[in-house]
Every structure is written in structure tokens, then in C-alpha cells.
Amino acid sequence: MAKVLIPTPLRQFTGRQDAVIMAGATVGEVLNALTAQYPDLRKQIFNDEGRVRSFVNVYLNDEDIRYLSKDATAAQDGDTISLVPSIAGGSALAGPPEEMALSKHEILRYSRHLIIPEVGIDGQQKLKSAKVLLVGAGGLGAPLGLYLAAAGIGRIGIVDFDVVDFTNLQRQVIHSTPDVGRKKLDSAAEKMHAINPHVDIAKHETALTSENALDILKDYDIVVDGTDNFPTRYLVNDACVLLAKPNVYGSIFRFEGQATVFACQGGPCYRCLYPEPPPPGLVPSCAEGGVLGILPGTIGLIQATETVKLILGIGEPLVGRLLLYDALGMRFRELKLRKNPECPVCGEHRTITRLIDYHQFCGVPKTPETKVTESEIDVTEVKARLDRGDHFVLIDVREPHEYKICHIPAARLIPLGEVPKRLNELDPNGDIVIHCKSGGRSAKACGILRQAGFEHVRNMKGGILAWADKVDPSVPKY
Ligand SMILES: [Zn+2]
């Protein structure tokens, strides 16, 4: 006995069944039994000589067996046989829609949805009456905004208070070069309206906070989390759990992404997966660690797909499943997620019943301190000391590939990871200034040196980005 998975285009021949159990000792026997039971399927799968047609691939479990003899390939109990026909996309089968609740223009616009039985007029109306909130109009928000608008979601809210800058353009495809300096909200809304003027776009120009989150989220059916920091992740999660709204989650880093759906009834939430945030600075942000520009496209579109499925009530949502995507290996993996009965926000004994201070929870200061502390030194002072010829050592703890992008000529490169084993190159009594890109890694390096007994160590506040802003505008920012 083996399970045969029937692909969507062939389900019309199997009474709409997506899987059937068939007897047979070999794959050939199973397919023969299948087509004996569903004769209309036979000419779809087999040619006149009884061979499997070349546009249908046959998989036994995960193996492509198209080049093996189906009659000689044994099918064991519990095996899964998949028929995978080629799909061109699109269709020329549009018939006249019977209901006219959508306008004539909308029917034309959404015709490729209307002719899928799983969507149809009813489904398109569900999309039209749906209200989706995008938290963030950045890397993930860009494909989400474009495709959800195109799909005909009736109302799309966006929470964002940022301005488009040049470093966004490598991935945030909803913004264009002439948009640099504009509010992301305005730029995104303009592109979405250009794609689909039927969509109502609500602009929430604010940071999402414990004070405003419930009020903003309550008017939406689904929340899509496209943020880039842990305090907002936990805030979005807790607000979604408290309001019982699905939270479509996506995250990206360098070449890897994750996606899942949290806070659905019976499903786990973000806190079930990660009860506590990592210590500040352990997991670098995209700004510090970088991200392949295409990656948010892939993950954002998985989020968009899940959003549309939730609205239509079709398919298998990513609830309780964490999808991991590795762009370099070009592999998807899936991990099972379980609801944690002890979860503080969605478990049986809840300790979080209202929104808390998420910056404090994550150990991240709300606004970066602007005062230069004793352990720090301002870039302008570093410049003045260099000009005066003061005797001190300037160390750059960034990575060599960052050093290639830009560096301060007087600085000596010792990447953070090499600092502990290269302490012997430095004078413990010497005057040392350390810098990195924006000040985070250099603060760590200062800590390492101080612990090793170095007394005169200071962190150059704001890193080379501050240097580019205040000292040398010819230094490229990245
Ligand atoms: Zn939970």
C-alpha cells in the first residue's frame, strides 16, 4: 500500500481528492491501480504505449524516479508517491463570473484568482474585506506591500516612521532611488496604490509601542511582522496573543530566513519558541551583520502567501511549523513547534496579561545615549588628537571586508574575534582607542581589554559612521 499525492491540476479526475491510498508491490502497479480506479486520469498520466508521459515526474518519497523502471521500483507500505506535472502558470479558462459583487474592473483585474476553484469570487471577496497590518515598510514589508496590494487585500495598514535611505535600496524594492529622503510610508503607499487603486491603505506613522499597539492592531484581522528588532518582535507577539490575532512571522539574516505563523488558536506563539530574547548584541541586526538583498523577497513572499491562505481558509498554514530557508544551500527545512504550556503569555498560568516595557525586557536602551561617557571618546576628539600627533593607538575591530569598504588611515585592524589572542601586540599601559562600524563591537573589545588589565581604553562613540558624519564626509557609509 502506498499513498499517492494528487497535484491540483489532476484532482478534477480523482473527485477532488488530494491523496489516495493504493495497493501495489511496485510503483508501476500502484499507478496502474490508481488509473484503473480513476480511468480519466489514465490518459493524463500515461501515453498510448503505457509509459508515463514526459511532463509528469514521479517521485517515490523524496526521490525522483523518472529514469527508473516503474515496474521494477518496489513500493513499500507507508511510501508516498508524488505526481508532479509541469505547470505553466496562468490559464485561458476564464468563464463569466455569476456574481457581480466585485466591480467589472475588479473582476478583470483578479481574473487569474477567480478561475482557481480554491479562490473564486467568494475568495476574492474575502480578500477584499480583509484587513492586514504590516509592521514595518522595510525589507520584508516591501514584497509584502506590493503583493498583498496586487492580490486585492481590501485594507492594508502600515506601521513605520522611517525615512528611505540609500542603503535600503539593495532590498526594499517598494522604494526607488528618487524616494531617498522620503517617508517610507508615503513611498510604499504610492507604489501600492499605483499597482492597485482599489486597496485602502492606512498609514500609521509611529513606532509601535506598548502604549499604542493594542489600539492600532485591534482594527486588523491579521498582523504581519516585518520588524528588525527584538523589542518589537515581543511586543507584536504579545499584542497578537492578547487580541487573538494571527501573527505572520518572518526574519532574515545574511543568507538565512525563517517564517512561521504564531498566535493562531491552539498554535504556539513567539514566546513559546523563544521565551527570552538573546542578550543585547549577541545576534547582530541586518545593519550590523548584512543581508543578501534578495532574501527578504523570498521570506516576505512566504509571509504574503501565508497571509492570503489564512484569509481564504485554504491549505495548510505554517502554524506550529518553523520554516527555515538557507539561500546558499538552496534548502528549506521545517521544524515542529509546540505550544509551551508554561508560556508566560499564551500558556496555562499566564504572567503577562498586558503589554510590558519591551526595551527593558530585551535589555536594549530605548533611545541611544547621546552623551559621551568616561569610557568613550567623541570622533572629533579622536581627529583632534591625531592632528596633534598625540601618542595613542587607534584600533579598528571590524572585519577585513568592512575595512576594505572604508577605514581611517591611522587605524590598525584587529577583528573583534582575534582581539583576545592578539592582546600581546598591545601595550597594557598604552593609550588605546577602539572603533568599529557604529560602536557596538568596539564596546565589547574595550570590555575584553579592560578585563585583561588594560587601563586606558576608550570606545570611539558612533564608530566609523560617526566619523563619516562629523569628520570626513568622503568616507563611504555602509
Ligand atoms: Zn506562547
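Why does Pro 296 count as buried? Select Pro 296 and look around: 28 C-beta neighbours sit inside 10 Å, so Pro 296 counts as buried (the cut-off is 20 or more other C-beta atoms within 10 Å of a residue's own; exposed is 12 or fewer, partly exposed is in between, and C-beta atoms are placed from the backbone).

Before moving on, a word on what you have open. This is a predicted model, in which local features need pLDDT of at least 70 and side-chain atom pairs count only at pLDDT 80 or more, while totals for chains, interfaces and linings use all residues. Residues are numbered from 1 along each chain as its sequence is written.

**Stop 1: around Pro 296**

Beyond neighbours within four places in sequence, they are Gly 139, Leu 140, Ala 142, Pro 143, Arg 171, Ile 252 and Val 291.

**Stop 2: helix H12**

Now widen the selection to 295-312, which is helix H12, the helix that holds Pro 296. Helices here are DSSP runs of H or I with at least four residues, strands are runs of E with at least two, and both are numbered from the N terminus. H12 has 18 residues and reaches 26 Å from first C-alpha to last, close to the 26 Å expected (1.5 Å times one less than the number of residues). Of its 18 residues, 13 are buried. Click on Gly 313, which follows H12 and has a positive phi, near 70 degrees.

**Stop 3: the parallel sheet**

Zoom to S17 (432-435) and S18 (457-460), paired over 3 bridges, and find Ile 434 with its bridge partner Asn 459 in S18.

**Stop 4: strand S3 and its partners**

Finally, select S3 (56-60). Strand S5 (79-85) runs antiparallel to S3, joined by 5 bridges, with Asn 57 opposite Val 84. S4 (63-64) is also antiparallel to S3, through 2 bridges, and Tyr 59 partners Asp 64 there. S3 and S4 form a hairpin with 2 residues between them, and Asn 61 in the turn has a positive phi of about 55 degrees.

Conventions
Contact = placed C-beta atoms within 7 Å. Pairing = 2+ DSSP bridges.
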